[in-house]
Amino acid sequence: MTVHKLSRQDARRIAVRAQLLDGQRPADLLDLVRHLTVLQMNPTDAVAPSADLVAWSRLGSRYSRLELANALEGRALLELLGMIRPSEDLALYRADMADWPGRGELRDWQRYAASWVLANDACRQDILDRLCSSGPLRSRELPDTCKVPWESTGWTNNRNVQRLLEFMVQRGEVAVAGRDRGDRLWDLAGRVYPDDPVVPWEEAHCVRNELRLGTLGIARSRGPDCLIEPTDVGETGEPAVVEGVAGTWRVDARLLGQPFTGRAALLSPLDRLVYDRKRMAELFESDYQLEMYKPAAKRRWGYFALPVLYGDRLVGKLDVTADRKAGVLRVNAIHQDVPFDEAMDAAVGDEIKDLARWLELELALPVD
């Protein structure tokens, strides 16, 4: 098979086009999510929740957050492990659920999870019984009858019901049926997921890789472990090398040689164009860190700074905050990685204005 030789610009344009961030905006939320395959849930609302920001950055201010809420309520879209997915894609994950905690030789953490769930099987059954009779319910409405507490050095320590529910999602026993003021509502998976035929494990992983490459455009065949949504694509697509970047890639050949028209876009820090920071550095030669967990004095770009895309380049970061009490979208700073020319300045400015319009807030720009 021919190995495609790409410049960095070629690779970037393939990635931008695959993420529907080029000059031709999509028109429909459901079609958008079916193409992107995931919208990542995140409770941070410094500007807007990440899932809504990703949708707005593609659809513009005509997008209403009610569209996403209605699609979830009507279950055209479903939540699985913190990711919003098209309901028809759930069939691609049922084989994994049946194989929980995994195939082949298990890792230490998988064995620990399996033994912990087994030790608390009575609590698992209590949860299933309560949901069967009274679901959907919040986690605090479910019984904690665990005999062995969950031990962790992190924030999940002793959060027994929450941790057990997450494992029960991975096992295909329970599902998020909706949300009430941000709280997840849990129910039996059979009441939430569509009753589609389960796709066999090998076929499901092949299809998932194909879908992922279709939305990334270009990716590594192997990457770091990422249990919820990987960043690699196996051997799907066709091999490629990128000038100035070590190693080989896999590319969606359907995107090769297509004309490119770019635009400006403001991205969520969790946007899939920038989520893989290593790929972002290799292809876009850009640096970014989400700084919300850093002390304010150590932040370079801001609490929830939005990466700024212009054409096929990441050109800066927008430090912006939605002050809803004051009815203002505060632009604290526009960090320029490269000097903005007049066209860039105007295009980025238009996107900032559209963001304020979408959020129904007055725009407050920094004073020079």
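This is a predicted model: local features need pLDDT of at least 70, side-chain atom pairs count only at pLDDT 80 or more; totals for chains, interfaces and linings use all residues.
Good morning. I begin with Leu20, which is buried, with a relative accessible area of 19%. The cut-off for calling a residue buried is under 20%, so Leu20 counts as buried at 19%.

Leu20 lies in the loop between α1 and α2. Its phi is positive, near 60°, and Leu20 is not a glycine. As background, most residues other than glycine have a negative phi. Arg75 also has a positive phi, of about 65°, without being a glycine. This arginine is found in the loop between α4, residues 65-73, and β3. Is Arg75 buried, partly exposed or exposed? With a relative accessibility of 28%, Arg75 counts as partly exposed.

How many bridges join β3 to β4? There are four, and β4 covers residues 83-86. As one case, Glu79 has Ile84 in β4 as its bridge partner.

I now come to two pairs of helices. The crossing of α6 and α8 is left-handed. On the α6 side, the contact involves Ala113, Trp116 and Val117, which meet Asn160, Arg163, Leu164 and Phe167 of α8. By residue class, this contact holds five nonpolar residues, one polar and one charged.

The second pair is α3, residues 50-59, and α12, residues 342-359. Their axes come within 11 Å and cross at roughly 125°. That makes α3 oblique to α12. The crossing of α3 and α12 is right-handed. Asp52, Leu53 and Trp56 of α3 make the contact with Glu351, Asp354, Leu355 and Trp358 of α12. Here the classes are four nonpolar, no polar and three charged.

Next, the peptide bonds. Most peptide bonds are trans. A cis bond, however, joins Trp100 and Pro101, with omega about 10°. Pro101 has its place in the loop between α5, residues 94-98, and α6. The bond from Gly135 to Pro136 is likewise cis, with omega near 0°. Where is Pro136 found? Pro136 belongs to the loop between α7, residues 121-134, and α8.

Which residues of α11 are buried? They are Arg279, Met280, Glu282, Leu283 and Phe284. The elements covering these buried residues include the helices α1, residues 8-18, and α10, residues 201-216. Strands also take part in this cover, among them β7 (218-219), β8 (238-242), β9 (248-251) and β12 (313-323). After α11 comes Glu285, whose phi is positive, near 50°. Thank you for your attention.

Note on methods
Residues are numbered from 1 along each chain as its sequence is written. Side-chain values use heavy atoms; hydrogens and water are left out. A crossing is left-handed if the near helix is turned anticlockwise from the far one by less than a right angle, and right-handed if clockwise. Contact means heavy atoms within 4.5 Å. Ala, Val, Leu, Ile, Met, Phe, Trp, Tyr, Cys and Pro count as nonpolar, Asp, Glu, Lys and Arg as charged, and the others, Gly among them, as polar. Buried means under 20% relative accessible area, exposed over 50%, partly exposed in between (1.4 Å probe, protein chains only). Two strands pair if DSSP finds at least two bridges between them. Axes are lines fitted to C-alpha atoms, for helices over the stretch in contact, and angles run from 0 to 180 degrees between N-to-C directions. Angles under 35 degrees count as roughly parallel, over 145 as roughly antiparallel, 65 to 115 as roughly perpendicular and the rest as oblique.
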